[in-house]
Amino acid sequence: MLTIGEAIKKARIDKGLSRSELSFEARIPIQTIYQWETDRAYPSIINLILVADVLGVTLDELVGRTVKADERN
């Protein structure tokens with residue numbers, strides 16, 4: 001399973017964005033994105049939502065959640 005940082009980096013690369021482009025589109029400092037992608041810091045839920053929206057992925061994809069709600073019962 002990927003870390004959150006690895007998942008952000010993979011989704012960013014898959015979308016064809018540089019860190020600078022993600023930084024601009026999500027309005028998050030590039031240094032912060034670098035820290036997340038290298039697992040030196042972790043994004044808040046608000047920032048995860050911003051990044052997920054820019055990258056066109058779900059929060060589940062970024063946090064590695066694979067269990068569906070109907071499978072928990």
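Select Arg 27 to begin: its place is in the loop between α2 and α3. Helices here are DSSP runs (H or I, at least four residues), while strands would be E runs of at least two, and both are numbered from the N terminus. Before going on, know that this is a predicted model, where local features need pLDDT of at least 70 and side-chain atom pairs count only at pLDDT 80 or more, while totals for chains, interfaces and linings use all residues. Residues are numbered from 1 along each chain as its sequence is written, and side-chain values use heavy atoms, with hydrogens and water left out.

Back to Arg 27. Although Arg 27 is not a glycine, its phi is positive, about 60°. Is Arg 27 buried or exposed? Arg 27 counts as exposed because its relative accessibility is 75%. The cut-offs are these: buried means under 20% relative accessible area, exposed means over 50%, and partly exposed is in between (1.4 Å probe, protein chains only).

Next, click on Leu 55, in helix α4. Leu 55 counts as buried because its relative accessibility is 5%. Leaving out residues up to four places away in sequence, Leu 55 touches Ile 8, Ala 11, Arg 12, Lys 15, Leu 17 and Leu 22. A contact like this means heavy atoms within 4.5 Å. Try the distance tool on Leu 55 and Ala 11: their C-alpha atoms are separated by 6.4 Å, yet the two are 44 residues apart along the chain.

Time for some charged side chains. Side chains of opposite charge can pair when their charged atoms come close. How many salt bridges does the structure hold? There are four, where a salt bridge is a side-chain nitrogen of Lys or Arg within 4 Å of a carboxyl oxygen of Asp or Glu.

Select Glu 37 in helix α3. Arg 12 forms a salt bridge with Glu 37, and the closest N and O atoms are 2.6 Å apart. This pair links distant parts of the chain, with Arg 12 in helix α1 and Glu 37 in helix α3, 25 residues apart. Both Arg 12 and Glu 37 are buried.

Jump over to Asp 14 and Lys 10 in helix α1, four residues apart, about one turn of the helix. Their side chains meet in a salt bridge (2.7 Å, N to O). Asp 14 counts as exposed because its relative accessibility is 56%, whereas Lys 10, at 45%, counts as partly exposed.

Then pick Asp 60 and Arg 65, whose side chains meet in a salt bridge of 3.4 Å, N to O. Asp 60 is partly exposed at 32%, and Arg 65 is partly exposed at 37%.

Last stop: Asp 39, in the loop between α3 and α4. Asp 39 has a positive phi, near 55°, in a residue other than glycine.
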